[in-house]
Structures are given as structure tokens and as C-alpha cells.
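Subject: Structure handover

Hi,

Here is the structure I promised to pass on. Please open it alongside this note.

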Amino acid sequence: MIYGPDHLELQASMSRLIATEINPHVEAWEAAGAFPAHEVFRKLGKQSLLGINKPVEYGGLGLDYTYATAYHEMLGEVRCGSIPMAIGVQSDMATPALAKHGSDELREEFLRPSITGESVACLGVSETGAGSDVASIQTRARKDGDDYVIDGGKMWTTNGAQADWMCALVNTSDGAPHRSKSLVCIPMDAKGVSRSQKFDKLGMRASDTVQVFFDGVRIPQRNRIGEEGMGFIYQMEQFQEERLFAASSSLRSLDIALDDTIAYTRQREAFGKSILDNQYVHFRLAELKTEVELLRSLVYRAVEEYVSGRDVLTLASMAKLKVGRLNRELADACLQYFGGMGYMNETPISRYYRDTRLASIGGGADEIMLGIISKNMGIAPSARKPQPATTIERAKTPA
Ligand SMILES: Cc1cc2nc3c(=O)[nH]c(=O)nc-3n(C[C@H](O)[C@H](O)[C@H](O)COP(=O)(O)OP(=O)(O)OC[C@H]3O[C@@H](n4cnc5c(N)ncnc54)[C@H](O)[C@@H]3O)c2cc1C
């Protein structure tokens, strides 16, 4: 257990805010295909919930990452995936590198209003030709005097329709792809920035996802986060918080999907007894609950190690992989036990089924997580060292 009384108090206040300010509006926002990000973020910002582990000098609470995790878990109480995802982009995807490596001036301009909720942030990594293969992005920032002039564009940008600024990964030089990139803050009202219509998606329907185009966008070079050429490395660090967020923010929603299914199958009868009273059903639900608790333990361990300064690339990737897989397995099993009702849009489990499918794709697909894990295990071809021959191999070799 990584939580003490202060963590639990933070969770209780988050739970109240979700119950009064978010959940009553979820149905309307999902139906409208949008939610008022500025309004919701300002409410979170008033309680500093968008900057739990961010520096106090810029309006954050300066707490360690266990507190951020406690808050992420409560986001699972929101009755859709869109709003937690939008909040996560603001606090855990677009701002970690800025908070850690940005100049004071840049943090004053972009981080502070993102913590207070005055500004909405988005993250621009993916492009039309580069999603999983981040190193192959084509957007280019060319130096012109004290400015960068940016051409290219970003794809699948969450919060993109409402965002005030983007944390964007761009090429600032030629050469080795891991040393040629920088992260920059791009105001979304800068001349030359345009956005597509919102995409029509399978799930996450209240979240706005757009394509963003850059046509000769001029920004000062001081909008660069940290050192030039370090963008790829900073983004890989930033992905660790994104992946921990993906796992921790799903824990309560996994619990709730199970609780909803237990409640439904307990009262629904077939063949003279409740659906839940079939051993096949309650054993399956017990097995899934065990999987959720295993994931929770993995997340807590990764967070503890992260807080103590250790490298958690492998553990965060495992948690991200597992949450994608488990979301799919649990959503599918639970929807099944709702029968025809599970297939109806009015039943929360059907939204859960649609929304959670993204977890195996966004922020690095399952296969990318498996690539990282196997590389760190030393079993991927790129990481494999020559091993001494086994006894069987030696026996096959003629003396
Ligand atoms: C709703 C939504 C919101 C998003 N929000 C953002 C955002 O805010 N900012 C942002 O930058 N991006 C965002 N993304 C993009 C997301 O991160 C990418 O979709 C994801 O990284 C996968 O990239 P891709 O779609 O280009 O898939 P591709 O790279 O084309 O890959 C397709 C599939 O191929 C497989 N694959 C790829 N590489 C390998 C491999 N080496 N080995 C085996 N299999 C492989 C995987 O199954 C993968 O899913 C969002 C996406 C969606 C759908």
C-alpha cells in the first residue's frame, strides 16, 4: 500500500468533485461529442489537481508521484473514458517535460496556466506517417534569426480542438533521429496553425481528436523545452508518466465494471436462479478481480520505484501492456454477462467496452510495449549478446 491518510483525503475530495461536477454531465457531453475542457479544468485547477506533483513555484502542490497516482486512480470513477484521458493529456502527457526541463520563463507562460486550468494543453507526437515509430516524424523547425519556423503537422491530437498550446516534438536538425529532435511549445492561435474537424471515433466520444497543420508557423526559439536535440529523450521520459497514468487511471474503472456486472447478474435470473449463481460466472468474475489486484500491485511497485528515482521503463511498459490487455478481456467478459442489455448504448458497460479499446493502441501499442520489455530482457535481436553454447549445441558440434 503506497497510500497514507493524506492520499486518502485527496482521493475523497476528488471523488466528491467527480460526483458533483463531472458525472452528472457525462451523458450530455458524450451525446454532444464534446466536453467544455476549460470549464472542467478550471474546477480541477482551483484545487490544484492538475499539478499535484508539479513545482509549487508554478502553482503545483509539489507532492511526490504517489499522490498523483492516488488522484489518477480516482479518475476511474468518471463514467466515461474521454474526460480522464483529456485530463491525463493536460497533467501527465503534455506537461511533465516542461515542468522538468523548461526555462522559468516558459514554465511561467505555459505551465502555470495549465496547472490553474486557464489553458488547455495538447501533445503533438504522432503524425500521419509516424505513430509507433516516433523517430520517423517529419515535422521540421528551421531556425530563422531568433525564431523557429515550423512546417508539417500532427495527427490524432487529443484536446486538439480546444487546446491553447501544444507540446510538440519536431525535428530541429538533420542527423541521428534520436539527437535531431526538440520539444517546443506552440501556441495554437499562432499564424499558420490550423485544425481539422473532430474525428468520428469508436469510443472516447466526448474527447476531441483532430489533425493539426503547421504552415510556416513562427515561434521564438525560447519556446524550446530544455536543450536542443534532447526532444526524443525528453519524450521517452514523458511517455513513462503517460504509461503509468494509463495504468493507474484504469484501476477504479476496472473495479467499477466488475461491480456493475456483479450487481446486474445478481438480480437477473435465468433457469430459476440468478446469472451470478452460476459457478462459471462467479468464478470468472473472481479471476478477473484477481487480475485487477495483480495490476494494482504492479502499478504501486512501479510508482514506488519511480518515486525513489529508479528507472521504471520496463515496469511502466509492463503496466501499460497489462492494462490494455486486461481492459479488453474484462470489458468483453462483463459485456457478455449483460446479455442483450450489454449491447445497448444506454448500458455503461457498452461505453466501457468502446472506450477502453484505445488502451492497447494509444501511447504506444501493445507490440511496442512488448518490444521495450523484450529488449530490456535482452531477448530482442537488437539487444541480444552472444551466449555460450548450451550442452545440446556443444553435443551437436563435431569435435
Ligand atoms: C483516440 C486517439 C487519441 C490519440 N491521442 C494522441 C495525442 O494526443 N497525441 C499523440 O501524439 N498521439 C495520439 N494518438 C496516437 C497514438 O499514440 C497512435 O495511434 C499510436 O501510437 C499508434 O500509432 P499508429 O496509429 O500510427 O499505428 P501504426 O504505427 O501504424 O501501427 C499500427 C499497428 O501495427 C502494430 N505495430 C506497429 N509497430 C509494430 C512492431 N514494431 N511490431 C509489431 N507490431 C507493430 C501495432 O499493433 C499497431 O497498433 C491518439 C490515437 C487515438 C486513436
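Predicted model: local features only at pLDDT ≥ 70, side-chain atom pairs only at ≥ 80, totals over all residues.

Overall fold

The protein has 14 helices and 10 strands. Its C-alpha trace spans about 80 × 75 × 40 Å along the principal axes. Of the 399 residues, 53% are buried. The accessible surface is about 18,400 Å². Carbon and sulfur atoms hold 53% of that surface. I also looked at contacts with a sequence separation of 6 or more: 74% of them join residues 24 or more positions apart.

The α11/α13 pair

Take helix α11, residues 313–337, and helix α13, residues 366–377. Their axes come within 9 Å of each other. The crossing angle is roughly 145 degrees. The crossing of α11 and α13 is left-handed. On the α11 side, the contact is made by Leu313, Thr314, Ser317, Met318, Lys320, Leu321, Gly324, Arg325 and Arg328. On the α13 side, Asp366, Met369, Leu370, Ile372, Ile373 and Asn376 take part. What is the make-up of this contact by class? It has seven nonpolar, four polar and four charged residues.

Two residues with positive phi

Asn159 is not a glycine, yet its phi is positive, at about 70 degrees. Look for Asn159 in the loop between β3 (147–158) and β4 (165–171). Is Asn159 buried or exposed? Its relative accessibility is 1%, and the cut-off for buried is under 20%. Asn159 therefore counts as buried.

Phe271 is not a glycine either, and has a positive phi of about 55 degrees. Phe271 sits in the loop between β9 (269–270) and β10 (273–274). Its relative accessible area is 87%, and exposed means over 50%, so Phe271 is exposed.

Asn159 is buried, whereas Phe271 is exposed.

Where to start

I would begin at the α11/α13 contact, with Leu313 and Asp366 among its residues.

Best wishes

Methods. Residues numbered from 1 in each chain as written. Heavy atoms only, no water. Axes fitted to C-alpha atoms, helices over the stretch in contact; angles between N-to-C directions. Helix = DSSP H or I, 4+ residues; strand = E, 2+ residues; numbered from the N terminus. Left-handed = near helix turned anticlockwise from the far one by under 90°. Contact = heavy atoms within 4.5 Å. Nonpolar A, V, L, I, M, F, W, Y, C, P; charged D, E, K, R; others polar. Buried < 20%, exposed > 50% of the residue type's maximum accessible area, 1.4 Å probe, protein only. Areas by Shrake-Rupley, 256 points an atom, 1.4 Å probe, with all protein chains shown as cover.
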